[in-house]
Amino acid sequence: MMSGPQLLLSPQQQVPRSLWSLLCMTTLLLSSIQLTIATAADNDNKKDHHLSAGKLRQLAETALMERKFTDAESYYRQAIAIEPTNSANHYKLYSLHKRMRSYGDALGDITTACQLLETQQADDSSKNKTLEYKRIKAKLLLNLGRCDEAVQEYKSLNEPNDDANKCAEITTIALELYQQQDWSTAIHHFDNILSNYATLGDTPDLLYMKSQAEYNVGDYYGTISDTGKILKSYPQHLEAYQLRGEAYFRLNEMDMAQKHFREGLKLDPEHGGCKEGHRLLKKVTKNDKRGDAAFEKGEYKSAIDFWWGAMNVDIDHLAFVRPTLLKVVRAHMALKEYTKAEEECMKHVNNQESVEGLHLLGEVQSSAEKYKEALRSYQRALEIAPDDQKQHCKRKVEEAQVALKQSTEKNYYKILSVPRNAKLKEIKKSYRELALQWHPDKNTDDTEKAEQMFQDISEAYEVLSDKELREKYDRGEPVFENQGGGQQHQRHHMNPNMFFHQNFQGGGGQQRHHYRWG
């Protein structure tokens, strides 16, 4: 018996007599309740143990009507413990397990029921019941894709079944194709079995072989779907965790791949396939993240090295290699290594054309002042673009046409030595360096050239540093009211020397030049 709560009061505590009596009564009441609950539970257990098998079956039927399947299963098992040789108990449990879609357990139950009937005295009633149970078993075997066993069961009944024979024949062919690694044809035969014969879906062996075949033909979504069906019924299927993880890895869904490898390793920390898959995944993602971090810091050469380290883990892993190669291209562009950037981008495009790859190629070519080639790249992207990207691609083509036209005129991007997609920070940095380099005070030996360069640099910065003017310029529109349709401005808006000092104070104490332009 459980003891009641203990009231520990020190002698120094002054408790009124009425309160002390109340506390004592509460303690006794709690003890009484605990004793009552324990006694009731003990009596219920004894009551269940004294129920007959028939009564237990009735309770199971009631639980079934209330959809309390776990309770029903418990009652049937208690009935079996009392009457282990009663085939009816096993048949009832078979029906329950089938309703619960626990088909493996259901097959075991109906098999036991058949065996019990076959060992009992054979009267007409038991013979008929045996035939009934065996037919149920044969059909269940067929629906579970265990076609060879179904054929044997029908033979024992002297009732050949065309579906079972056909299923067994197709299964034999599918297994031979699987062994020969004729994956596509094997998938077709597995689909035939699973769609037309093994209709219950509890077919882990067939599904696993089909999943492997799908993986080998590159149908990774099919692999994920079918291994998911396996794991739903068999959540400890280690090979399914491994194969599903590898399929996610191939799709470059690294988080999902890691999740499945880890689930497999929870079940078996020494599982070789899951360990190797997890190791490769960590190696790829670790280098990839280091490359991203280096790029963010402006350490472009390190970023390129890290990304190549990630790609070289498995250079055939195109779902990872292709997008990572584009990151390498952007790093080369940041280093102004346009020849190398174009070379790497062509690897992506030659492997498989994509809108993203062609747009980046066009960007590289524009930065390298290959405007005609850039226009062709953007036009090709427009040709292959899906409908929802057409409008964006048209704008890219129009921008490339403007860039080509501007390349024969005064090209502000070229003057400042920045790409057309340069950020304001990059434009400002380049302007400062070039303005200091070509400032007339520093070029007294060739003042005329310095003045022209300084004017062009200031003019380019004035346009490209102003959002509205830059947008006009990128669209090929006149950026100044008095510009007209000519290639050159008739008059610059302000004194470039003044413009320089307004934007960059503290020019080293240099004297200002007192000239104006235009």
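How much space lies in the largest pocket? About 600 Å³ lies there in this predicted model.

**Stop 1: the pocket**

Select Y300, A334, P419, K423 and E426, which are the closest to the pocket's centre among the 15 residues that line it. Then display α16 (318–334) and α22 (424–438), the elements that each give two or more residues to the lining. By residue class, the lining divides into 7 nonpolar, 1 polar and 7 charged.

**Stop 2: α14 and α15**

Keep Y300 selected; this residue also belongs to the α15 side of a helix contact. Show helix α14 (residues 272–296) and helix α15 (residues 300–311), whose axes come within 8 Å and cross at roughly 165°. Angles over 145 degrees count as roughly antiparallel, and α14 and α15 are therefore roughly antiparallel to each other. Their crossing is left-handed.

**Stop 3: α2 and α3**

Move to helix α2 (residues 53–65) and helix α3 (residues 69–82), which pack at an angle of about 165° with their axes 8 Å apart. α2 and α3 are therefore roughly antiparallel to each other, and α2 passes α3 in a left-handed crossing. For the contact, select A53, L56, R57, L59, A60, E61, A63 and L64 of α2 together with F69, D71, A72, Y75, Y76, Q78, A79 and I82 of α3. Coloured by class, the residues of this contact divide into 12 nonpolar, 1 polar and 3 charged.

Conventions
Residues are numbered from 1 along each chain as its sequence is written. This is a predicted model: local features need pLDDT of at least 70, side-chain atom pairs count only at pLDDT 80 or more; totals for chains, interfaces and linings use all residues. Side-chain values use heavy atoms; hydrogens and water are left out. Axes are lines fitted to C-alpha atoms, for helices over the stretch in contact, and angles run from 0 to 180 degrees between N-to-C directions. Helices (H or I, at least four residues) and strands (E, at least two) are DSSP runs, numbered from the N terminus. Angles under 35 degrees count as roughly parallel, over 145 as roughly antiparallel, 65 to 115 as roughly perpendicular and the rest as oblique. A crossing is left-handed if the near helix is turned anticlockwise from the far one by less than a right angle, and right-handed if clockwise. Contact means heavy atoms within 4.5 Å. On a 1 Å grid over the protein atoms alone, a cavity is a set of points where a 1.4 Å probe fits but cannot get out, and a pocket is an open set with protein on both sides within 12 Å along at least five of seven lines; lining residues have an atom within 4 Å of a point. Grid points are joined across faces, edges and corners, and a volume is the space filled by probe spheres set on the points. Ala, Val, Leu, Ile, Met, Phe, Trp, Tyr, Cys and Pro count as nonpolar, Asp, Glu, Lys and Arg as charged, and the others, Gly among them, as polar.
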